[in-house]
Amino acid sequence: MTFDVEFRDFTFGYEGRNTPALSNINLRIPRGQTVAIMGPAGAGKSTLLRCLNGFIPHFFRGTRTGQVLVNDLNTKDYDIPFLSHRVGLLFDDPTSQLLAPNVADEIAFGMENYGIPREQMVEAVRENVSAFRLSGMEHRNPHTLSGGQQQACALAAIMAMAPQILALDEPTSRLDPIGTRSVYSIVESIAEKKTRTILLADNKVEELVGFVDRIVVLNEGRVLRDGKPRDVLKDVDLIFKAGIRPPQVTELFSKIAEKMGRQFDDLPITLDEARERMLKLIERARTRSDYAHQSLKSYATEEVAVEAKDLWHVYPGITRGFEVTALKNINFKIRHGEFTAILGQNGSGKTTLVKHFNALLRPTKGSIFVYGRDTKKTLTAELAGLVGHVFQNPDHQIFARTVLKELEFGPTNLKVPPEEIKKRIPDALRAVDLPEDILDLVPLDLSTAQKQRVNIASVLMTHPRLLVVDEPTTGQDPQMRRELMAMMQRLNRDRNMTTVVITHDMNLAAEYCERCIVLRQGEILLDGTPREVFSQPQLLSTTFLSPPQVTLLSQQLKEEGFPQDVLSVDELVDFVVSQLGGR
Amino acid sequence: MAYWAVLTILAAAFFGDPILLGLIFVFGILIPWAKAIRLAMFKQSLRTLISLFPFYLVLGILFFVPPRDAVFLFHLIPQLKLLPITVDMIVWTIGIFMKFLIIIACFWMILVTSPLPDIVRSFSKFRIPWPLVLATSLGLSYVPVMVEEISTVQEAQRSRGHRFEYRNPINRAKAMGPLLVPLLSLSIAHSERLTLAIQARGYGYAVEKRTELRDLSFHTLDYAAFVIVFVLAAVFLYAYFYTPHLIDYTFTMNLLRRFL
């Protein structure tokens with residue numbers, strides 16, 4: 001049997017780095033297979049994919065042993081353009097791979113480079129535009145599309161080159177739930193045809209498990225596990241140790257088995273399987289639903305931190321008829337010390353809303369008060385001492401020559417005396433888990449994770465009472481996401497800071513936040529505790545958000561008496577175990 | 001549409017009469033583009049531009065040499081009989097200023113409504129090497145992205161208490177530091193990712209054998225437009241040198257003289 005992709009004892013280390021990025025990789029992928037490559041950040045997923053189209057070794061230099069074969073061609077003997085004809089690589093950031101002035105040109109760009117005749121190109125553009133649901137947008141600038149559409153456009157551009165192999169590098173990590181779902185459904189339809197070989201590097205296992213044939217778990221450059229999804233995900237401990245997470249239902253059953261001292265042959269990996277399995281376990285729940293309602297301790301006080309009154313925000317457009325009403329009739333009060341998550345699809349108004357908290361934007365109608373001050377009458381710079389706003393991309397804020405200077409920036413602007421600034425530094429570093437010797441390093445040289453922490457630390461230096469964090473979890477691996485949420489929980493608790501987090505991660509919002517505000521098209525759809533919000537799946541689905549998988553499972557078993565407001569795996573485990581007579 | 005704008009620019013360049021230019025403005029700019037442009041934004045930009053008029057006035061005072069029969073108003077420095085202000089000068093200045101307005105407005109219209117990358121791509125027909133065309137095209141499409149990045153970085157630094165607005169230009173320059181570094185690193189990162197992206201799409205495979213999706217060759221309409229523009233340019237040139245009184249500010253002056 002020939003394989004489309006083969007790694008034979010392949011080891012690769014990037015130039016200038018001590019440890020190899022990939023060690024002794026042996027993989028053989030036959031034609032038509034869809035493989036998920038999972039692993040924490042730094043495990044080597046991107047490195048692996050870059051070997052397929054020749055980026056390694058031709059663009060990224062380093063030391064290499066072993067072979068990588070694509071369609072039986074050794075990648076070291078062929079250059080990148082040649083290999084790119086056979087291997088289509090999709091990056092995680094849609095904006096940096098869209099390079100044409102409009103969608104049609106974007107899709108044609110690759111074909112143009114390969115000298116495909118015009119009639120063929122026109123036909124291919126038409127086909128791909130409709131296959132990727134971009135009809136009617138051929139003349140639009142790709143940058144004006146939504147995130148999901150942008151990735152669809154980039155993928156269409158790659159598919160137009162008719163590659164045999166598709167390498168997708170975390171294609172949904174920057175997208176909102178709708179975008180993620182649409183990209184995956186496209187990938188799924190390609191995978192179903194079984195004509196192309198797909199390698200998908202991604203950790204969103206709950207979405208993937210429905211259509212991948214095989215899972216390869218990477219960690220620290222080595223293959224930890226390689227096999228059918230069911231077999232790989234069964235080993236829940238290994239998955240956790242590798243720094244990633246199995247589907248919630250898999251984790252659920254594994255923990256139930258553990259608590260009952262039982263052994264399940266097979267663990268469910270999809271919601272449907274889990275429901276069937278659960279029904280076999282418990283035909284009907286006893287009326288008393290006793291499970292420890294793990295409620296989060298709230299540190300909220302009576303003082304009102306942020307108050308929005310009939311807030312509207314309309315963005316004016318350059319040309320007539322292009323105004324966008326981003327926020328409509330927003331009313332809420334956030335109390336000092338509360339830990340709130342703001343949820344919603346991209347474009348629902350989350351960032352717009354949060355920019356009002358420190359007067360980056362002012363209301364078109366209505367008003368917003370931050371600790372009693374009307375933002376219409378205050379400058380952003382004045383609010384910097386009260387409100388700390390951490391932007392999503394640390395590169396937008398980092399500029400100083402040393403981490404020390406970066407940290408000093410904020411308080412210096414607020415005319416805090418230097419001795420006081422010096423006193424605040426060790427505290428800020430400790431809050432974000434960074435060592436003191438980082439102070440002399442150049443911020444631009446740090447890893448993204450470290451930059452993000454430096455960013456947060458520098459915002460903390462002004463001792464804000466309200467901390468606003470814009471999508472800290474987007475684009476991070478599961479481990480990092482948890483660490484960040486836990487860090488913010490600590491800040492909320494230990495420093496008595498009102499914390500507002502924008503996130504797409506429902507599971508984490510459910511577990512860590514005491515309040516969720518769900519926005520939909522500029523209006524507040526739901527506002528309450530996670531329990532209140534996630535027990536309304538119909539409402540949530542109107543904006544294509546869904547509660548955590550384990551909550552959904554329990555809600556689907558409403559007839560059997562299951563609780564409707566479960567928030568975490570552990571809660572449901574407790575419930576089930578108590579029903580089965582365990583402890 | 002772009003050709004119309006070029007025409008208007010040409011006309012504005014040669015004519016010097018305020019009333020005529022006013023007509024050009026109305027017919028060349030306001031009417032064709034009225035639908036596309038939001039009035040409020042347009043008025044704002046106009047206001048900014050009009051605020052530059054005093055500058056032109058100064059130019060006029062310093063450099064305009066009034067003809068013999070100019071309508072005299074007063075001397076700016078009466079004691080020394082220097083710097084005469086004449087109605088002629090004012091009319092002339094207004095004329096120059098309107099030229100300036102029209103030209104700027106035309107450029108702005110072109111930028112806002114026409115796909116600039118298309119224009120850039122057509123450069124390849126002029127036998128400019130393809131890598132250069134692509135680089136320019138990519139650079140241009142980065143501009144809107146960069147504009148947004150600038151605004152984001154500004155917001156981010158404002159949130160840390162930094163102020164950008166200073167009256168003193170030196171302070172203003174110093175305040176740009178926290179803006180420039182992130183912008184630079186973002187631009188460099190963007191270009192690195194773009195390099196990867198174009199390679200992943202086969203850039204450099206066989207540059208000579210490249211094909212194009214759209215036919216960007218010049219058609220009859222384009223050639224006709226070229227010819228018209230060329231002819232008109234010749235006419236204007238002639239008028240400028242041989243019959244200047246037809247196209248400079250004297251038309252308005254003569255009108256005004258009737259009243260004064």
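Guide:
**The sheet of chain A and its surroundings**

Strand E1 (residues 3-14) and strand E4 (residues 62-70) of chain A pair in the antiparallel sense, over 8 bridges. Strands pair here if DSSP finds at least two bridges between them. Strands (E, at least two residues) and helices (H or I, at least four) are DSSP runs, numbered from the N terminus. One bridge joins A:Gly13 to A:Thr63 in E4(A).

This is a predicted model: local features need pLDDT of at least 70, side-chain atom pairs count only at pLDDT 80 or more, and totals for chains, interfaces and linings use all residues. Residues are numbered from 1 along each chain as its sequence is written, while chains are lettered from A and ligands numbered from 1 in the order in which they are written.

Back to the sheet. It is open, with 4 strands in the order E2-E1-E4-E5 of chain A and antiparallel pairing. Strand E2 (22-30) and strand E5 (73-74) of chain A are at the edges; each has a single partner strand, so one side of each lacks a neighbour in the sheet.

Next, the domains. Bounds come from an automatic or database domain assignment. Chain A is split into domain 1 (1-86 + 165-172 + 196-246), domain 2 (258-294 + 551-579) and domain 3 (304-545). The C-alpha centres of domain 2 and domain 3 of chain A are 35 Å apart. Their contact takes 7 residues from domain 2 of chain A and 7 residues from domain 3 of chain A. Contact means C-beta atoms, placed from the backbone, within 7 Å.

Now the core. A nonpolar core is a set of buried Ala, Val, Leu, Ile, Met, Phe, Trp, Tyr and Cys residues joined through C-beta atoms within 7 Å. Buried means 20 or more other C-beta atoms within 10 Å of the residue's own, with C-beta atoms placed from the backbone. The largest such core has 179 residues, and A:Ala156, A:Ala160 and A:Leu200 have the most contacts inside it. Helix H6 (residues 147-159) of chain A gives this core its largest share, 8 residues. Leaving out residues up to four places away in sequence, A:Ala160 touches residues including A:Ile107, A:Met111 and A:Val125.

Last, the partner chain. 49 residues of chain B are in contact with 55 residues of chain A. Helices H6 (116-122), H7 (130-158) and H9 (177-200) of chain B each supply at least two residues of the side that touches chain A. H9(B) gives the largest share of that side, 15 residues.

Key: Two residues are in contact if their C-beta atoms, placed from the backbone, lie within 7 Å. A residue is buried if 20 or more other C-beta atoms lie within 10 Å of its own, exposed if 12 or fewer, and partly exposed in between; C-beta atoms are placed from the backbone.
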